[in-house]
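Here are my notes from going through this one. Keep the model open alongside while you read.

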Amino acid sequence: MRSGKTLLIISIFTRVSVVLLLCALALLTEYHNLKVAYNNPRLVELSSGKTTRQLYEATDAFFSLFGEPGKMAQTNGGMTWSIRIMGIPFTDPVAALSVLAKDHRWGVGFALGLIVPLTLALLFGRVFCSYICLASLLFFSIARLRRLLEKFFYFPDISINRGFAWGVLFGGLGAAVWLGHGIWSLLLPYFAVGQTIFHGIAYGTLSVALGAIIVFSLLDLCLGKQFSCRYVCPTGRLLGFIGRKSYFSIRRDASQCLTSCQSCIDVCPMKVSPKMDETVDCSMCGECLVICPTNCLSIGKRITKK
Ligand code: SF4
Ligand code: SF4
Ligand code: SF4
């Protein structure tokens with residue numbers, strides 16, 4: 001695959017779809033309340049009117065395609081991967097570690113939910129970051145804002161050890177054992193965004209996770225583009241580790257690469273260097289493919305060095 005623009009369009013489309021799905025799930029809360037209270041379209045109409053009955057029935061029909069609608073509304077709570085689509089469960093890998101650390105066991109459905117995320121990571125590396133994670137849409141926008149503001153103000157570009165995110169992961173696991181799994185809404189950017197959207201729509205309230213979003217946003221704005229993704233987010237670090245030898249990866253045709261150029265390094269939001277044939281932490285966003293003047297970058301089956 002050489003078309004970076006196609007990848008960028010697909011990645012925006014899939015992430016916007018995730019946001020819309022989460023909004024729909026939040027709206028399901030009202031449906032769930034009606035289901036628990038009445039569990040009958042006629043009673044819903046008597047209590048809340050004909051339009052509510054029609055919405056109730058349409059919701060019933062549509063979301064039954066994805067599993068048990070009321071249960072989805074109850075269990076998702078803004079967690080992108082804790083979801084069931086068309087019968088297939090998805091379990092967040094960090095949530096899985098957290099449950100293991102606190103409860104020392106997994107339910108069968110919960111464990112099976114790891115198959116899709118782990119397979120994706122083993123095939124495509126950190127692809128979750130560019131195609132599913134709704135926080136990356138926010139960070140993508142902040143990176144553009146930072147670039148604009150750089151014309152007027154000085155912003156440092158700080159690099160720290162990427163192992164810092166392992167510390168956040170293990171610290172979070174310890175905190176989860178002590179305080180409960182809710183701590184992740186403050187440590188996982190996409191959970192913080194998802195929970196804030198969910199609380200706003202389902203309950204009309206602000207979530208404490210909004211504070212975490214503000215902190216992550218300031219880190220990105222003041223310290224470097226996608227700073228939170230590169231150095232703080234435990235999921236990104238975990239997926240980068242699992243997918244470090246992914247089946248597919250970014251590839252470079254060295255014979256076409258220009259010695260004087262370093263556009264791919266400058267543009268990469270993850271600070272990966274395709275020019276140096278680095279692949280770990282690449283999220284296959286396609287930005288370097290778009291900018292490469294000689295089209296010598298592509299995504300395909302990993303070339304193993306001899
Ligand atoms: S590093 Fe974390 S917050 Fe950033 S894009 Fe990946 S999963 Fe989302
Ligand atoms: S190397 Fe960087 S810019 Fe290129 S696809 Fe990977 S993450 Fe995107
Ligand atoms: S952008 Fe293309 S030509 Fe430039 S350094 Fe990267 S791979 Fe080489």
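The points below cover domains, cores, ligand shells and a few individual residues.

1. Before anything else: this is a predicted model. The protein chain splits into domain 1 (4–90), domain 2 (127–241) and domain 3 (244–301). Where domain 1 meets domain 2, the contact takes 14 residues from domain 1 and 15 residues from domain 2. On the domain 1 side, that set consists of seven nonpolar, six polar and one charged residue.

2. Next, the packing. The largest nonpolar core runs to 50 residues, and Trp-184, Leu-188, Tyr-190, Met-284 and Leu-297 have the most contacts inside it. Helix α9 (residues 134–149) supplies the largest share, five residues. Domain 2 (127–241) and domain 3 (244–301) each put at least three residues into this core. Another core, of 10 residues, lies apart from it, with Tyr-31, Val-44, Tyr-56 and Ala-202 among its members. As background, nonpolar side chains tend to be buried together in soluble globular proteins.

3. Met-284 deserves a click of its own. Which residues does Met-284 contact, once neighbours within four places in sequence are left aside? They are Leu-7, Phe-124, Gly-125, Val-127, Ser-130 and Ile-299. Leu-7 falls within the bounds of domain 1 (4–90), so to speak of Met-284 is also to speak of a contact with that residue.4. Now the ligands. Ligand 3 has 14 residues around it, and Cys-257, Cys-261, Cys-264, Lys-275 and Cys-292 come nearest. By class, its shell holds nine nonpolar, three polar and two charged residues. Around ligand 2 there are 13 residues, the closest being Cys-268, Cys-282, Cys-285, Glu-287 and Cys-288. That shell has 10 nonpolar, two polar and one charged residues.

4. Cys-229 sits in helix α14 (residues 227–232). Is Cys-229 buried or exposed? It is buried, because 31 other C-beta atoms lie within 10 Å, where 20 or more is the threshold. Leaving aside neighbours within four places in sequence, Cys-229 is in contact with Cys-129, Ser-136, Phe-139, Gly-236 and Met-270.

5. Helix α15 (residues 234–242) is largely enclosed by the rest of the structure, because seven of its nine residues are buried. Those buried residues are Pro-234, Thr-235, Gly-236, Arg-237, Leu-238, Leu-239 and Gly-240. They pack against α5 (93–103), α7 (115–124), α8 (127–131), α10 (164–179), α11 (184–187) and α14. Note that Gly-236 also turns up in the contact list of Cys-229.

6. Finally, two backbone angles to look at. Gln-226 has a positive phi of about 50° although it is not a glycine, and Asn-295 has a positive phi of about 55°, again without being a glycine. Gln-226 is in the loop between α13 (209–223) and α14, while Asn-295 is in the loop between α17 (287–291) and β4 (297–301). Gln-226 counts as buried because it has 23 C-beta neighbours inside 10 Å. Asn-295 has 13 such neighbours inside 10 Å, so it counts as partly exposed.

Note on methods: Residues are numbered from 1 along each chain as its sequence is written. Chains are lettered from A and ligands numbered from 1 in the order in which they are written. This is a predicted model: local features need pLDDT of at least 70, side-chain atom pairs count only at pLDDT 80 or more; totals for chains, interfaces and linings use all residues. Domain bounds come from an automatic or database domain assignment. Two residues are in contact if their C-beta atoms, placed from the backbone, lie within 7 Å. Ala, Val, Leu, Ile, Met, Phe, Trp, Tyr, Cys and Pro count as nonpolar, Asp, Glu, Lys and Arg as charged, and the others, Gly among them, as polar. A residue is near a molecule or strand if its C-beta atom, placed from the backbone, lies within 6 Å of it. Helices (H or I, at least four residues) and strands (E, at least two) are DSSP runs, numbered from the N terminus. A residue is buried if 20 or more other C-beta atoms lie within 10 Å of its own, exposed if 12 or fewer, and partly exposed in between; C-beta atoms are placed from the backbone. A nonpolar core is a set of buried Ala, Val, Leu, Ile, Met, Phe, Trp, Tyr and Cys residues joined through C-beta atoms within 7 Å.
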